[in-house]
Amino acid sequence: MQGSIAIDQSPGVQYLLRIGDTCLILGQRIAEWSGHAPILEEDIAMSNMALDLIGQARAVLTRAGQLEGQGHDEDQLAFLRDEKDYRNLTLVELPRGDFAFTVLRNAMVATWMKLLWERLRDSSDAELAGIAGKAIKEARYHQQHAADWVVRLGDSTDESRQRTEKALRELWLYVPELFESDAVDDAAQAQGLGPRWSDLREPWLAEMDTILDEATLSRPDEAAFRSTGKRGVHSEHMGYILAEMQHLQRAFPGGVW
Amino acid sequence: MSALAAVATTRCERAWDVLGTVLDPEVPALSVRDLGIVRDVIDHGEALEIVLTPTYSGCPATEVIEHDVLAAIAKADLGPAHVTLRRAPAWTTDWISADGRRKLSEYGIAPPGPAAPDGAVPIRFFGRKADVIACPRCGSLHTERLSAFGSTACKAMYRCISCREPFEHFKPL
């Protein structure tokens, strides 16, 4: 078995891991729909979006490894870190749920990523700015596609509406984590690496309100609960997704095909 | 005559010619030059540097293209070469050449229109007026979108109401 690697805890590296891991874990989650989506077109859409997200994750994790300077490449970072060293938002590790849950989460995350990539285009790190310049276009398309589905399911039959409302209640518990700033954020802002995530809150709520209004859904109140995935303290679902994702590289270190 | 012409042509120019014969593995109607992903060819004396810009972050063809480019340069006997990836500025479908657009259309893929200006793009919802895409077979504008995503990340699926044929559209990006 391949042992785990330890990761530098400096704020710049942590900031990049939060972004790269969020892309990677959501990509892994929505790829679970391959072969299972309700219609063929959505099967293809999910696989395509998962590919974009994993491509973004590869680029960001590669950059995180370079900044860390310990010689860790994208594969080592993806496959050889333990759960506590993963820094993704808890929101993206939740099980895929039903289709309403999936499209609503995709709309929430794509909206957030779009706003983040927009600002990262001005990063003091030229490589990160370059990655953002590409990813922003993909995030826009993902947001558009997911938002269409939220409207279609929210403003439709009783069944689809009930499911979308239930998904909204469940997912909204994890929203505060998207906008809680801490020392990692402050350092990124100070270095010009990227924005404080708290600065994304107002534009994100405005865009989500546009989507929810069109879907005739009401935005829930903010929860008191605080999820902590970006600080390495994850939900009970995280270990399982990592076990599935990492098994092969742990059992057959360096295996390629 | 051909030997003289070859002498008069620089190594970079010959490399550009070779790159015009390397086909995109997923859209084999286009060369990597037509696609606009070859951004530069630099002669460093010993080695030739070929600068590529990836199309989509997760495009699985990127690595195949790198391999194919190097194989073609080696086959043309242009000496040692390596590929570097340049991310910025990001690739846009506006870089697909006029020749490339014609080839796409002949291949049955509706070419992309101009990419959206790089600014805030408002969210639009179902019921919006969809972009009008001309059928690459009969030219009819009476077409409809079947799927926002297609067989590769860069395409969407459409059908023509006039000639009844399905077709792919290269999405503007």
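**Exercise 1.** In which loop of chain B is P89(B) found?

*Solution.* The model is predicted, so local features need pLDDT of at least 70 and side-chain atom pairs count only at pLDDT 80 or more, while totals for chains, interfaces and linings use all residues. Residues are numbered from 1 along each chain as its sequence is written, chains are lettered from A and ligands numbered from 1 in the order in which they are written, and side-chain values use heavy atoms, with hydrogens and water left out.

Step 1. Helices (H or I, at least four residues) and strands (E, at least two) are DSSP runs, numbered from the N terminus. Chain B has five helices and seven strands, in the order α-α-α-β-β-α-β-α-β-β-β-β from the N terminus on.

Step 2. P89(B) lies in the loop between β3 (81-85) and α5 (98-107) of chain B. The peptide bond joining A88(B) and P89(B) is cis, with omega about -5 degrees.

**Exercise 2.** Describe the interface of chain B and chain A.

*Solution.* Step 1. Taking contact as heavy atoms within 4.5 Å, 33 residues of chain B are in contact with 35 residues of chain A.

Step 2. Buried area is the accessible area (1.4 Å probe) that two parts lose on being put together, summed over both. Between chain B and chain A this is about 2,700 Å², of which carbon and sulfur atoms give 57%.

Step 3. The rule for a salt bridge (a side-chain nitrogen of Lys or Arg within 4 Å of a carboxyl oxygen of Asp or Glu) finds two across this interface. One of the two joins R87(B) to E127(A), with the closest N and O atoms 3.0 Å apart.

Step 4. β5 (143-147) and β6 (155-160) of chain B each supply at least two residues of the side that touches chain A. The largest share, three residues, comes from β5(B).

Step 5. Count Ala, Val, Leu, Ile, Met, Phe, Trp, Tyr, Cys and Pro as nonpolar, Asp, Glu, Lys and Arg as charged, and the others, Gly among them, as polar. The side of chain B that touches chain A then has 18 nonpolar, eight polar and seven charged residues.

**Exercise 3.** Which residues of α2(A) and α5(A) meet?

*Solution.* Step 1. In α2(A) they are E42(A), M46(A), M49(A), Q56(A) and V60(A); in α5(A) they are F99(A), T102(A), V103(A), N106(A) and W117(A).

Step 2. By class, this contact has six nonpolar, three polar and one charged residues.

**Exercise 4.** Where is T216(A) found?

*Solution.* T216(A) is in the loop between α10 (201-214) and α11 (238-251) of chain A. Its phi is near 55 degrees, a positive value in a residue other than glycine.
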